[in-house]
Amino acid sequence: KAVWLNAEHIRALPVEQLSDCIEPFFKQAGFAATPEKLLAVTPLIRERIKLLRDAVSAADFFFLPELAPYEAAELIPQKGDASMARRVLEHAREVLATTSFDHDSLDQALRAAAAQLGLKAGQAFQPIRVAVCGRKNAPPLFETMAVLGREVCLARIRRAEASLESLV
């Protein structure tokens with residue numbers, strides 16, 4: 001019950017205050033988390049943490065130069081295969097190279113890309129989410145990508161494409 005109450009308190013904190021509260025946990029974990037970047041990340045993880053220390057595990061991928069290794073099979077969406085995941089990632093990479101990196105532009109571009117491939121949004125977004133975040137469960141995709149930026153997202157997608165080589 002105390003953990004639930006703590007989670008409620010975290011959700012009620014203003015973003016700026018919560019960002020200040022979690023900063024020491026990122027510094028202790030060895031991340032170079034600037035106040036500006038933490039302020040951008042905090043609203044994306046606020047609903048996902050129950051204790052302040054949970055922030056590091058919920059948002060570590062925002063601060064890592066390279067993602068921790070993950071199974072290439074996680075890139076494959078339900079009712080899909082490795083070639084589908086690879087097509088999604090290739091198409092996403094092409095689209096993201098010219099798309100503005102804000103929520104609405106990313107949303108429109110990636111939904112249109114999914115439609116062009118004849119896929120449901122969820123099927124198309126899973127390979128992208130895993131490629132960009134290194135996990136299936138992560139903060140909202142478009143906001144996450146906007147915070148990470150184009151270069152980081154494209155590099156991570158290229159890495160994911162390479163990891164699928166062994167499965168195709």
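User: Are Phe31 and Phe63 buried or exposed?

Analyst: Happy to start there. This is a predicted model, where local features need pLDDT of at least 70, side-chain atom pairs count only at pLDDT 80 or more, and totals for chains, interfaces and linings use all residues. Residues are numbered from 1 along each chain as its sequence is written, and side-chain values use heavy atoms, with hydrogens and water left out. By relative accessible area (buried under 20%, exposed over 50%, partly exposed in between, 1.4 Å probe, protein chains only), both Phe31 and Phe63 are buried.

User: How many aromatic pairs does the structure hold?

Analyst: Rings of Phe, Tyr and Trp (its six-membered ring) pair if their centres lie within 6.5 Å; planes under 30 degrees apart count as stacked, over 60 as edge-to-face and the rest as tilted. The number of such pairs in the structure is five.

User: What kind of pair do Phe26 and Phe31 form?

Analyst: Both Phe26 and Phe31 are buried. Their ring centres lie 6.2 Å apart with 55° between the planes, and the pair is tilted.

User: How many residues apart in sequence are the parts that the pair of Phe31 and Phe63 ties together?

Analyst: The rings of Phe31 and Phe63 have centres 6.0 Å apart and planes at 40°, so this pair is tilted. Phe31 lies in the loop between helix 2 and helix 3, and Phe63 in the loop between helix 4 and helix 5, so the parts tied together are apart in sequence by 32 residues.

User: Which residues do ring pairs link into a cluster?

Analyst: Phe26 pairs with Phe31, and Phe31 pairs with Phe63. The cluster linked by these ring pairs holds Phe26, Phe31 and Phe63.

Note on methods: Helix = DSSP H or I, 4+ residues; strand = E, 2+ residues; numbered from the N terminus.
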